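Please look through the sequence and the structure shown here, and then follow the report below, which takes up strand pairing, salt bridges and cavities in turn.

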Amino acid sequence: MSSDPIISATPLSFPWQTKDPFLVCVHHVDNYPQGNDKLGPAASLEGRDLGQDFAGKDGWRMYHGGQVPGFPQHPHRGFETVTFVREGYIDHSDSLGATARFGRGDVQWLTAGAGIVHSEMFPLLNADRPNRLELFQIWVNLPAKSKFADPYFTMFWDKEVPRHRATDANGKSVEVTVIAGALAGSEPLAPPPDSWAANPGSDPAIWSIVLEAGATWTVPPARDGGITRTLYFFSGRKLEVAGRVVAQPVAIEVAADQPIAIAALDGPAQVLVLQGRPIAEPVAQYGPFVMNTRAQLEQAFSDYRRTQFGGWPFGENEPVHPRPRGRFAKHADGRVEEAPV
């Protein structure tokens, strides 16, 4: 066993750098103004490159949206998205006819598989106050055997997501949101059936850790040294990791089979942990298509041009739900879930 469990520590890029089986991790933070009648910003859009607004003018972005911030209809094939909304909302619509509104701690885990077109819009529901948005979107690869699985999504509603709470020897608190990977008796909700995370041998973990100022906690070891694990220190002044002090924002790759002691210094700290067994297959990626070979990528583009992955059953490219609609999910089979309150 190595005496130093830290493999590397590098400043965070955009999107965040990841290790197999993860493809992408993006942390969106936007301080939107109050919303207008169309659920877009009640502010001038002059000076923004609408359709490609990523500059962060005034602390927020329209992204690819023209009226409402977000990502109008676009295709995916060959991977999964895990979207954890900490603050604000997402309105989802897809080519299977499914729709949803989720946020405030909810998670959507979507297997694109053989192909899906979806939109992810950020409705500004507060007409009388600002609309802060914070979310993580994590792209998880699929093994070759699952790249043509039927598209499917699962909702993890905020009230149902396990949260592990601990108090250290000095009475300082730590809270871990458990999206994937069992932790100290907290069992995660089940991912979609064709997910790499559904294989117990993949030993996945997606943990969002909040440490009170001065709090210490030990990240438990994974099952073996064949797992990749990265700690993303994204909020706070300083973090001590296995005896080394780092300043945020930084990605810290560590030996997964060793316990890793962390401590929040000079104030509170927040860390996202991504771990899993590598799929260890060739990756051929172009934009929203992730396959194993270039020929499969070309086929993906051909299939999308020919079928539109089922077509777009909505009258606009960036649909949003009415302002009063609560958090819900309507699945492709017609089943409707209302978020527990």
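Strand β2 and strand β9 (residues 131-141) pair in the antiparallel sense, and ten bridges hold this pairing. Here two strands count as paired if DSSP finds at least two bridges between them, and the strands themselves are DSSP runs of E with at least two residues, numbered from the N terminus. Within this pair, Val26 has Gln137 in β9 as its bridge partner. The model is a predicted one, in which local features need pLDDT of at least 70 and side-chain atom pairs count only at pLDDT 80 or more, while totals for chains, interfaces and linings use all residues. Residues are numbered from 1 along each chain as its sequence is written, and side-chain values use heavy atoms, with hydrogens and water left out.

The two strands belong to an open sheet of five strands, arranged in the order β2-β9-β4-β7-β10 with antiparallel pairing. Because β2 (22-32) and β10 (152-156) stand at the edges and have a single partner strand each, one side of each is left without a neighbour in the sheet. On average, neighbouring strands of this sheet are turned by 15° against each other, direction ignored; the axes behind this value are lines fitted to C-alpha atoms, and angles run from 0 to 180 degrees between N-to-C directions. Strands of a sheet pair through backbone hydrogen bonds, either parallel or antiparallel.

Another antiparallel pair is made by strand β11 (residues 163-167) and strand β12 (residues 173-180), which are joined by five bridges. In this pair His164 stands opposite Val176 in β12. β11 and β12 form a hairpin with five residues between them, and Gly171 in the turn has a positive phi of about 80°.

We turn now to charged side chains. The whole structure holds 22 salt bridges, where a salt bridge is a side-chain nitrogen of Lys or Arg within 4 Å of a carboxyl oxygen of Asp or Glu. Three of these pairs are set out in the table.

| Salt bridge | N to O distance |
|---|---|
| Arg48 and Asp53 | 2.9 Å |
| Lys57 and Asp58 | 3.3 Å |
| Arg132 and Glu134 | 3.3 Å |

Salt bridges that share partners join Arg48, Asp53, Lys57 and Asp58 into one network. How exposed or buried are the residues of these pairs? Buried means under 20% relative accessible area, exposed means over 50%, and partly exposed lies in between (1.4 Å probe, protein chains only). Arg48 and Asp53 are both buried. Lys57 counts as partly exposed because its relative accessibility is 34%, and Asp58 counts as exposed because its value is 56%. Arg132, at 30% relative accessibility, is partly exposed, whereas Glu134 is buried with a relative accessible area of 9%.

A cavity is a set of points on a 1 Å grid over the protein atoms alone where a 1.4 Å probe fits but cannot get out, and its lining residues have an atom within 4 Å of a point. Among the residues that line the largest cavity are Phe22, Trp109, Val140 and Trp196. The second largest cavity has a volume of about 30 Å³, and its lining includes Thr18, Lys19 and Phe22.

Conventions: Helices (H or I, at least four residues) and strands (E, at least two) are DSSP runs, numbered from the N terminus. On a 1 Å grid over the protein atoms alone, a cavity is a set of points where a 1.4 Å probe fits but cannot get out, and a pocket is an open set with protein on both sides within 12 Å along at least five of seven lines; lining residues have an atom within 4 Å of a point. Grid points are joined across faces, edges and corners, and a volume is the space filled by probe spheres set on the points.
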